[in-house]
Amino acid sequence: MKSSTHAAISVTVALIFALTVAIALIKLGFAGPWVTQNINLANMFLTGVPVPHSCCFSASPEVVTSVIWDERGIDTFYETSVLFLAIIGTLYVLAGTFKARPTPEGMTLIVRVISKLVAPIIIVVSLSVALHGHLTPGGGFQGGAIFAVAPVLLLAGWGSSKLLSLGFERDTLLSLRVTGVLLIALTGIGTLIIGLLKGVNAYVFLNQPKPQAPIGYLGWISTPWGNIVLGGTLILLNIFEFLAVAAGFTLAILAVDSSGGGKE
Amino acid sequence: MTLEAIMWYYILATLMGLGAVGLCGMVCRPHMIKKLLMLTIFSDAIELIAVLAGYRISATQPPVYPGGVIQGFVFPNPQEAANFANSAVDPLPQVLIVTAIVIGLAVLLFLATLASQAGRKFGTQNLNKIEKRGE
Amino acid sequence: MIHIPLLIGSIGSTAALIAAILAMFEKDLLKAIVLSGIESIFTAFLLVVLLAPDLLIAYVAVGLGINSVILIYALLRGERYEE
């Protein structure tokens, strides 16, 4: 078959699929230019997540992060596992092509100085985004993705010898990655273990106490100067997810770099 | 039909066109890296269509309750939360897509290393040339 | 009174479509990667307009930075020009 036939078929299939989805969404009233109210499930989360004693209280004003780690926490844990397996697969495919010595070459003085100045700022921004994930937009995934830009800059400017001298060894990063995923799982089943020991009902990835499950994590600390919001599991899971994503992407980029650029 | 409705439908149509371009490029371009490039464009289009489905024209703020500070945050009462829900967009499509972006990056990393190893094995990443070698 | 965010969104989606079409018909792969980066910029504009700050923070780092770098690394093994 000619390539133009392929193009015509694929465009037709894509347009039919997209039109079907769009018409279904618009006809059912979920989307469209005239919609003035959110759907009921969205309104339940928007009115429930920041309000104490409601159905889905998460002790956090950030609805998106709350739904990611509280209502669909086990789903997010398995997505983290997918990420873990993809990076393990990357390392497996590249195995046997690693160079023995690190690449010594770098770029000119301007690139070196600028990358050395900008990389710490990127790391601080990523930490801020991850640690305030339960208060402002951001979270573990976003912080980890921002962190991965700093090793790319340092690799471009200085070569991988600089990263190795800073302590970004392959084994260290792999163990950090495994630690992150393991701690996410432990945080998820923590309430279950405590519930078994105390003999009360509990769920996996439970954040705040529910009417059926009277135990939960520490949501906020009351001080005379106001509440210090912790968000229960949200801050813990954000930190662990940041560890996992940042170490995983740094590991993968380091592996791709040290497998050797250029043709043999 | 108002001007806002026309612009909403126009954005939907261009995003569907973006997805069609991505799928077409994935199918009919022979170079592996071009296929991966078009895969990223296709996933961008799908993500944007999902976010557009959760958007309302009358909404004025993202689904984050305002005033998130480390110390001194006051949890709202049900009336304030209802007012907030009336002016915020739907959070559920965004929830589904935050993880999809990062997972998409990991999958792209895996596919790019596969393409890199194919280039090392065959000396080319053009699928037409690799097919001709086999004949 | 015109709705400013939707106007910016219309312009951004048009520019993203044009950049994607140019990237599809570009024979030089490095130029195509740069064009897909331009497409990512306009996608980020659309995410701002559609009120999704969480997605924006993840997308700016991923779509503009790491995707392009990974594809350039993968391209080092093959040939730069298509056909």
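Good morning, colleagues. Please keep in mind throughout that the model is predicted.

I begin with chains A and B. Here, 70 residues of chain A are in contact with 52 residues of chain B. The area buried between these two chains is about 5,200 Å², and carbon and sulfur atoms give 74% of that area. As for specific polar interactions, the count of salt bridges between chain A and chain B is 0, while 8 residue pairs are in polar contact, both residues being at pLDDT 80 or more.

Which elements of chain A give two or more residues to the side that touches chain B? They are the helices α1 (3-28), α2 (40-48), α3 (63-71), α4 (73-94), α6 (140-147) and α10 (233-258), together with the strands β1 (220-223) and β2 (226-229). Of these, α1(A) gives the most, with 12 residues. Sorted by class, this side of chain A has 45 nonpolar, 21 polar and 4 charged residues.

Is S10(A) buried or exposed? Its relative accessibility is 6%, and therefore S10(A) counts as buried, the cut-off for buried being under 20%. Leaving out residues up to four places away in sequence, S10(A) touches L23(B), C24(B) and V27(B).

I now move to chains A and C. In this pair, 22 residues of chain A are in contact with 12 residues of chain C. Together the two chains bury about 1,400 Å², with 67% of it on carbon and sulfur atoms. Between chain A and chain C the count of salt bridges is 0, and 3 residue pairs are in polar contact, again with both residues at pLDDT 80 or more. The elements of chain A that give two or more residues to the side touching chain C are α3, α6, α7 (149-158) and α10. By class, the residues on that side divide into 11 nonpolar, 7 polar and 4 charged.

Finally, I turn to T191(A), which lies in helix α9, residues 170-198 of chain A. T191(A) has a relative accessibility of 3%, so this threonine counts as buried. What is T191(A) in contact with, once neighbours within four places in sequence are set aside? The contacts of T191(A) are A202(A), Y203(A), L206(A), I215(A) and Y217(A).

Thank you for your attention.

Definitions and conventions: Residues are numbered from 1 along each chain as its sequence is written. Chains are lettered from A and ligands numbered from 1 in the order in which they are written. This is a predicted model: local features need pLDDT of at least 70, side-chain atom pairs count only at pLDDT 80 or more; totals for chains, interfaces and linings use all residues. Side-chain values use heavy atoms; hydrogens and water are left out. Contact means heavy atoms within 4.5 Å. Buried area is the accessible area (1.4 Å probe) that two parts lose on being put together, summed over both. A salt bridge is a side-chain nitrogen of Lys or Arg within 4 Å of a carboxyl oxygen of Asp or Glu. A polar contact is a pair of N or O atoms within 3.5 Å; within protein, one must be able to donate a hydrogen and the other to accept it, and residues adjacent in sequence count only if both atoms are side-chain atoms. Helices (H or I, at least four residues) and strands (E, at least two) are DSSP runs, numbered from the N terminus. Ala, Val, Leu, Ile, Met, Phe, Trp, Tyr, Cys and Pro count as nonpolar, Asp, Glu, Lys and Arg as charged, and the others, Gly among them, as polar. Buried means under 20% relative accessible area, exposed over 50%, partly exposed in between (1.4 Å probe, protein chains only).
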